[in-house]
Amino acid sequence: MAACLLACGCGGIDAEPSVPILQGEPILQGQPITDGTHGMAVEKESLEEGAMKDNFMEENLGQEVAETAGEAAMPAVIRDEGDTLETRILAPYGYERVSLEEGSFGEFLRQYPMKPAGSKVHLYDGSEKGSQRAHVAVFDLPIEEYDLQQCADSVMRIYAEYFWATEQYDRIKFHFTNGFLAEYGKWRDGNRVSVHGNNVSWIKSKSRDDSYECFTKYLKTIFIYAGTLSMEKESEATTLSKLKAGDVFLYGGSPGHVVMVADVCENEKGEKAFLLAQGYMPAQEFHLLKNDRHPEDPWYYEEEVTYPFSTPEYTFDEGSLRSLNY
C-alpha cells in the first residue's frame, strides 16, 4: 500500500479538487438474512409482563402499539417526530441505552440532528441515490459537492465535526494511505500539503485561518488521500462485549467499505443491540441503516451477529469489527 497515495474506492492542495465522478453504484450487496425475525411479537403476557410493556410505552412518549389477532405487537422504535438520533430511534423493548459521559462522542451522535422522517438519501450533486431501500433515517451531516465524501470519509467527517464542535482541534488528524499524517492544526496555521508522486510534505503558503470554510477545505484534502485502507491502519480489532458508539465494521480495500456503530443499548442480561450508519459511493448523505431481518426495527442484536455479517449493502467477514484510534 506504500505505492498507493490517492484514496482508492469508498474513499500544496488549496484549490478545489478535481476528481473523476463514479458512475452508478457498486454491486456490493451482502447476502440477505432470511432465518427469521427478532421476535417482534409476543404471546399472551402475564400481568407483570403487561405492566412492563405499559411502562415502556409511557416512557417512550405514548408510541402507538399495533394490535394483531388478540396479541399485542411490540412497541415501535421508530418515532417520526424525533429530530435527533436519540428521539427518532427509541431503545427496543427490554433494552436501555448505555450510559455515556457528558460531552462524549456517543452523546454527540445521540443528539445529532436528523433530516425529517421519510427523507431520501441524496448524492453529492443533489440527485437522489438510485436505491432508497437501505436506510431508515438520514443524518443532517454536511456533504461537499464533489464525489469525495464516500464511506470512510463520512465516518471521518462526523468524527472531525465532533472534535470541531468540542474544540478538540488537536484531535483532528488523519493519515493518508501512504502513512502521511495530515493534522488540521498545521493546515489551520497556513500550511498546505505538497504532493509529488508518493511523497508528501507541508509547505507554508497561507496565513492562519480558524474559519469553518478553511476546515472544510482541509476535509476535502483528507477525502482525496485517505480512505478505508488508511482507516484500517488507524484502528484495532475489538469485540461485541466492548462495543461502543464510533466503532466500525471495516473492510480496507479498493474498493472497501465501512459502516459505523451509531448507538448501543443493553438488556438486563448485558446483551447488546446497536445501530449502524454509513456513507457510500458515489458520495452521498450519511444515513442510518435498516436491519433486513426486521425492517420495522433498525437495531442489530448481538445474538444476530454471525459471520459473514450482512448489512443492507455490504457483507463483512469475521475480524472486521474494529475500534478507531481517533
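This is a predicted model: local features need pLDDT of at least 70, side-chain atom pairs count only at pLDDT 80 or more; totals for chains, interfaces and linings use all residues.
The structure contains 32 aromatic pairs. One of them joins Trp 164 and Tyr 169 in an edge-to-face arrangement, with 5.6 Å from centre to centre and 70° between the planes. Trp 164 is buried, at a relative accessible area of 18%, whereas Tyr 169 is partly exposed, at 25%. Trp 164 also pairs with Tyr 184; the ring centres are 6.0 Å apart and the planes stand at 70°, so this pair is edge-to-face. The pair of Trp 164 and Tyr 184 connects distant parts of the chain, since Trp 164 belongs to helix 4 (residues 151–165) and Tyr 184 to helix 5 (residues 184–188), 20 residues apart. Both of these residues are buried. Elsewhere, ring pairs join a set of residues into a cluster, among them Phe 105, Tyr 112, Phe 139, Tyr 159, Phe 286 and Tyr 326.

A charged side chain is also found over an aromatic ring: the charged end of Arg 192 sits over Trp 187, 4.0 Å from the centre of the ring. Strand 7 (residues 191–196) pairs with strand 8 (residues 199–204) in the antiparallel sense, over 6 bridges. His 196 has Asn 199 as its bridge partner. Together, strand 7 and strand 8 form a hairpin with 2 residues between them, and Gly 197 in the turn has a positive phi of about 65°.

Among the cysteines, Cys 214 is buried at 3% relative accessibility, and Cys 265 is buried at 0%.

Side chains of opposite charge can pair when their charged atoms come close. The count of salt bridges in the structure is 16. In one of them, Arg 133 meets Asp 292 at 2.9 Å, N to O. Arg 133 is partly exposed at 37%, and Asp 292 is partly exposed at 27%.

A salt bridge of 2.9 Å, N to O, is also formed by Arg 157 and Glu 144. Arg 157 is in helix 4 and Glu 144 in the loop between strand 4 and helix 4, 13 residues apart; both residues are buried. Glu 183 and Lys 186 form a salt bridge at 3.3 Å, N to O. Glu 183 is partly exposed at 23%, as is Lys 186 at 35%. Through shared partners, salt bridges join Glu 144, Arg 157, Glu 161 and Lys 220 into one network.

Methods. Residues are numbered from 1 along each chain as its sequence is written. Side-chain values use heavy atoms; hydrogens and water are left out. Rings of Phe, Tyr and Trp (its six-membered ring) pair if their centres lie within 6.5 Å; planes under 30 degrees apart count as stacked, over 60 as edge-to-face and the rest as tilted. Buried means under 20% relative accessible area, exposed over 50%, partly exposed in between (1.4 Å probe, protein chains only). Helices (H or I, at least four residues) and strands (E, at least two) are DSSP runs, numbered from the N terminus. A charge sits over a ring if NZ of Lys or CZ of Arg is within 6 Å of the ring centre and within 35 degrees of the ring normal. Two strands pair if DSSP finds at least two bridges between them. A salt bridge is a side-chain nitrogen of Lys or Arg within 4 Å of a carboxyl oxygen of Asp or Glu.
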